[in-house]
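User: Hi, could you walk me through this structure? I'd like to go through it piece by piece.

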Amino acid sequence: MFADRAEAGRKLADRLTDMAIAKPVVFALPRGGVPVAAEIAAALDAPLDLILVRKIGVPGHEELAAGAVAEGTAPVFNAGVLAEIAMRKEDFAGRVAELRREIAGRRRRYLGDRPVAGLTGATAIVVDDGIATGATLRAALAALRERSPARIVLAVPVAPREARADFEGTADEIVILEEPASFYAVGAHYRAFPQTSDEEVIAALAAGRAPEP
C-alpha cells in the first residue's frame, strides 16, 4: 500500500531511473496521474506534460466505460461492453463530440499557451495513479503512438494482475509496481487517496519543466 500518490511517484521514479531512459518526456493522465508523474519528471529531470483523455460512459451507467477518447485521435471502444449493451460506436458520436469540447477546454485551463511536446527521438512515459478498466489509458497510448515517439513506457503504481497481458503491444515497456491477484479499486491501494483538484494540476505543471515543441 502506498502512503499517497507522491510516494507512489517516487517509487516509480526509482524504478525508471534504473532503466537509463533516453530523452524522457513524462505524460500524466489528469487529474490523479499528475502528482505521480510530477515526482517522476523531477527525478528524471524530464519535461512534464499531459495527455488529455475522457471516458465514454454507458448512458445511464456513466461509471461503466464503453470506451475513451483522447485529443487528436479516434476514440477507442471496449468491444465487450458494446456487445453487452447492444450499442454501436456510431451511437456515441454526439457524446464523443461533447467530450472533445471538454478536452479542448481542459487544455486551455491546465496548459494555456504551454507548447505541445515534440516527440522525435523521445521516450514518452505515460503515467496514471493506477489501472482499473484501462479504457482511458488505451486511448492515451493510441494518441501518443500517432505522434511517433521513439519508445513508449507505461508506468503505474498498481494494476490488476491481468493488466500487463492486456496492455502488451500498446507500450514498448510496462512498469507496474504492485500487481495484486485480488484487485478491488485503485484507491484501495493508497492510505490517502483524495481527489486531485484542478489547482493542484496547474501548480504541478507550473513547477515542472515545460516541454520543447
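Predicted model: local features only at pLDDT ≥ 70, side-chain atom pairs only at ≥ 80, totals over all residues.

Analyst: Happy to. Residues are numbered from 1 along each chain as its sequence is written, and side-chain values use heavy atoms, with hydrogens and water left out.

User: Great. Is Thr196 buried or exposed?

Analyst: Thr196 counts as buried because its relative accessibility is 5%.

User: And where is the place of Thr196?

Analyst: Thr196 is in the loop between strand E8 (173-178) and helix H7 (198-207). Helices (H or I, at least four residues) and strands (E, at least two) are DSSP runs, numbered from the N terminus.

User: What does Thr196 touch?

Analyst: Not counting residues up to four places away in sequence, Thr196 touches Arg5, Arg31, Gly32, Pro35 and Val201. Contact here means heavy atoms within 4.5 Å.

User: Where is Arg31 found?

Analyst: Arg31 is in the loop between strand E1 (24-28) and H2. A cis peptide bond joins Pro30 and Arg31, with omega at about 5°.

User: Let's switch to Asp129. Where is Asp129 found?

Analyst: Asp129 is in the loop between strand E6 (123-127) and helix H5 (135-145). With a relative accessible area of 9%, Asp129 is buried.

User: Which residues is Asp129 in contact with?

Analyst: Leaving aside neighbours within four places in sequence, Asp129 is in contact with Arg5, Gly32, Gly33, Val36, Pro157, Val158, Val186, Tyr190 and Phe193.

User: Now helices. At what angle do H1 and H2 pack?

Analyst: Helix H1 (residues 5-17) and helix H2 (residues 33-44) pack at about 40°, and their axes are 7 Å apart. That makes H1 oblique to H2. Axes are lines fitted to C-alpha atoms, for helices over the stretch in contact, and angles run from 0 to 180 degrees between N-to-C directions. Angles under 35 degrees count as roughly parallel, over 145 as roughly antiparallel, 65 to 115 as roughly perpendicular, and the rest as oblique.

User: Which residues in H1 and H2 meet?

Analyst: From H1, Arg5, Ala6, Ala8, Gly9, Arg10, Leu12, Ala13, Leu16 and Thr17 meet Pro35, Val36, Glu39, Ile40, Ala43 and Leu44 in H2. By class, this contact has 10 nonpolar, 2 polar and 3 charged residues. Ala, Val, Leu, Ile, Met, Phe, Trp, Tyr, Cys and Pro count as nonpolar, Asp, Glu, Lys and Arg as charged, and the others, Gly among them, as polar.

User: What about H4 and H7, how do their axes cross?

Analyst: The axes of H4 and H7 come within 9 Å and cross at roughly 55°, which makes H4 oblique to H7. Arg109, Tyr110 and Leu111 in H4 meet Asp198, Val201, Ile202 and Leu205 in H7. The contact of H4 with H7 has 5 nonpolar, no polar and 2 charged residues.

User: Where does Ala122 lie?

Analyst: Ala122 lies in the loop between helix H4 (93-111) and E6. Ala122 counts as buried, at 0% relative accessibility. Not counting residues up to four places away in sequence, Ala122 touches Lys23, Val25, Pro149, Ala150 and Arg151.

User: You mentioned Lys23 there. What is the phi of Lys23?

Analyst: Phi of Lys23 is positive, about 45°, although Lys23 is not a glycine. Lys23 lies in the loop between H1 and E1. Ala20 lies in the loop between H1 and E1 too, and has a phi near 50°, a positive value in a residue other than glycine. At 66% relative accessibility, Ala20 counts as exposed.

User: One more, where does Pro59 lie?

Analyst: Pro59 lies in the loop between strand E3 (53-58) and strand E4 (61-70). Pro59 is partly exposed, with a relative accessible area of 47%. Leaving aside neighbours within four places in sequence, Pro59 is in contact with Met87 and Phe92.

Notes
Buried < 20%, exposed > 50% of the residue type's maximum accessible area, 1.4 Å probe, protein only.
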